[in-house]
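Have a look at the model first, then read on.

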Amino acid sequence: MALHVPKAPGFAQMLKEGAKHFSGLEEAVYRNIQACKELAQTTRTAYGPNGMNKMVINHLEKLFVTNDAATILRELEVQHPAAKMIVMASHMQEQEVGDGTNFVLVFAGALLELAEELLRIGLSVSEAISIFPDSGHFNVDNIRVCKILGSGIFSSSVLHGMVFKKETEGDVTSVKDAKIAVYSCPFDGMITETKGTVLIKTAEELMNFSKGEENLMDAQVKAIADTGANVVVTGGKVADMALHYANKYNIMLVRLNSKWDLRRLCKTVGATALPRLTPPVLEEMGHCDSVYLSEVGDTQVVVFKHEKEDGAISTIVLRGSTDNLMDDIERAVDDGVNTFKVLTRDKRLVPGGGATEIELAKQITSYGETCPGLEQYAIKKFAEAFEAIPRALAENSGVKANEIISKLYAVHQEGNKNVGLDIEAEVPAVKDMLEAGVLDTYLGKYWAIKLATNAAVTVLRVDQIIMAKPAGGPKPPSGKKDWDDDQND
């Protein structure tokens with residue numbers, strides 16, 4: 001008879017064999033805080049204009065060299081449950097504002113670090129978190145980025161319209177005052193719904209059959225040309241015979257494999273994508289000032305250009321010496337475009353360079369001194385957490401953080417609310433951020449503080465970690481969610 005080993009009494013005996021269970025301050029709360037602090041420390045050195053780059057190699061062995069916190073976290077695939085909460089808060093910041101993800105991580109890490117100090121001196125979790133609250137029209141998709149290897153960053157340009165890394169299919173490579181017909185189907189002869197067999201007995205019958213097919217294709221392309229369309233964009237393959245007749249009627253042919261590119265082009269030129277090869281009516285055709293094949297470096301590109309600057313979509317053509325560099329510049333462009341989007345929703349700006357954080361810390365500390373009881377400790381630590389931002393900026397710029405923070409407090413006590421860290425000075429120095437033009441969006445700061453605070457409170461509220469035994473067998477395939485996203489790889 002097999003020996004039966006009884007389980008230890010308590011919570012563990014209710015769980016399956018192999019499950020893990022942690023509880024209490026030492027096992028659960030401090031462990032969670034430590035994991036979140038480690039995560040914040042990783043991205044802290046990448047904060048600000050003088051932040052260091054991280055080299056990340058993801059599970060597909062793709063190399064990323066970047067200081068963008070959102071990209072670093074996305075490729076790291078963090079597994080710790082508490083650290084995941086902080087990562088989710090930074091993802092929410094990315095979705096809500098599009099920038100400021102590193103601020104969320106640094107601030108949340110500082111909040112948890114200071115909360116740990118309160119817990120260690122004897123305050124309960126509920127007293128430590130008593131201070132924390134519980135609670136334009138611009139489409140970023142209209143700014144496209146086309147990355148072309150070669151030259152340098154300063155050779156990049158902005159173009160009103162769209163740029164595709166494609167070659168034209170036919171002989172026509174340039175059209176002025178283009179009238180564009182867009183088809184989501186292949187540019188080929190129509191195929192019947194039912195299958196049939198053609199029995200050919202003589203050479204004459206074979207000639208007539210081929211001739212009939214050619215005449216039908218000729219009639220189809222001629223009908224498109226007769227509508228005035230001089231550019232055809234197709235989402236499928238282009239048949240050789242159709243290409244011959246397109247050249248015959250001087251029609252420029254462009255093939256786009258991505259249905260997303262096809263949709264965006266329709267939006268840019270004002271066309272309707274037709275599902276069958278039928279002649280378009282005037283309302284279904286798009287218009288563009290010029291469509292031409294160009295060469296950027298050694299890469300062939302097709303350009304759909306609007307002369308007027310009020311077009312729906314613009315493209316930034318990025319140049320760079322390496323793919324990693326261009327990827328990082330694309331992320332910077334994305335942050336800039338998202339900042340513009342935020343400004344269309346709320347035009348308010350706040351001084352950057354740590355000025356806003358020091359002013360908040362000063363005012364919250366003053367408020368804390370007026371509060372009775374243990375609550376004041378949590379309020380003062382919450383204020384102290386704001387110092388993490390100018391401290392990170394100072395450390396990444398190579399100056400003494402304590403000296404800078406004491407200077408900032410001294411200047412802010414005199415009533416100079418806009419003074420922040422001067423990262424260009426060789427010695428610890430401060431200057432007026434408003435005069436220097438260093439500003440942050442109000443919404444970006446608002447959401448970053450709110451999300452970081454909520455994430456820190458969520459981590460602190462956890463007093464037990466219960467981990468079930470991992471399921472055996474092979475893991476289910478994680479289907480790529482954006483398999484049809486427009487990637488310019």
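The lining of the second largest pocket takes at least three residues from each of domain 1 (11–140 + 441–470) and domain 3 (353–437), with bounds from an automatic or database domain assignment. Keep in mind that this is a predicted model: local features need pLDDT of at least 70, side-chain atom pairs count only at pLDDT 80 or more, and totals for chains, interfaces and linings use all residues. Residues are numbered from 1 along each chain as its sequence is written, and side-chain values use heavy atoms, leaving out hydrogens and water.

**The pocket**

- The second largest pocket holds about 1100 Å³ of space.
- A pocket here is an open set of points on a 1 Å grid over the protein atoms alone, where a 1.4 Å probe fits, with protein on both sides within 12 Å along at least five of seven lines; lining residues have an atom within 4 Å of a point.
- Its lining has 43 residues, with Tyr 47, Gly 48, Pro 49, Asp 99 and Asp 440 nearest the centre.
- Helix H9 gives the largest share of that lining, six residues; helices are DSSP runs of H or I, at least four residues, numbered from the N terminus.
- By class, the lining has 18 nonpolar, 13 polar and 12 charged residues.

**H10 with H11**

- The axes of H10 (residues 355–369) and H11 (residues 375–385) come within 8 Å and cross at roughly 175°, so H10 is roughly antiparallel to H11 (over 145 degrees).
- On the H10 side, the contact (heavy atoms within 4.5 Å) includes Ala 361 and Ile 364, and on the H11 side Ile 379 and Phe 382 are among the residues.

**H2 with H4**

- H2 (residues 69–76) and H4 have axes that come within 7 Å and cross at roughly 75°, so H2 is roughly perpendicular to H4 (65 to 115 degrees).
- Ala 69, Ala 70 and Leu 73 of H2 meet Thr 101, Asn 102 and Leu 105 of H4.

Notes: Axes are lines fitted to C-alpha atoms, for helices over the stretch in contact, and angles run from 0 to 180 degrees between N-to-C directions. Helices (H or I, at least four residues) and strands (E, at least two) are DSSP runs, numbered from the N terminus. Angles under 35 degrees count as roughly parallel, over 145 as roughly antiparallel, 65 to 115 as roughly perpendicular and the rest as oblique. Grid points are joined across faces, edges and corners, and a volume is the space filled by probe spheres set on the points. Ala, Val, Leu, Ile, Met, Phe, Trp, Tyr, Cys and Pro count as nonpolar, Asp, Glu, Lys and Arg as charged, and the others, Gly among them, as polar.
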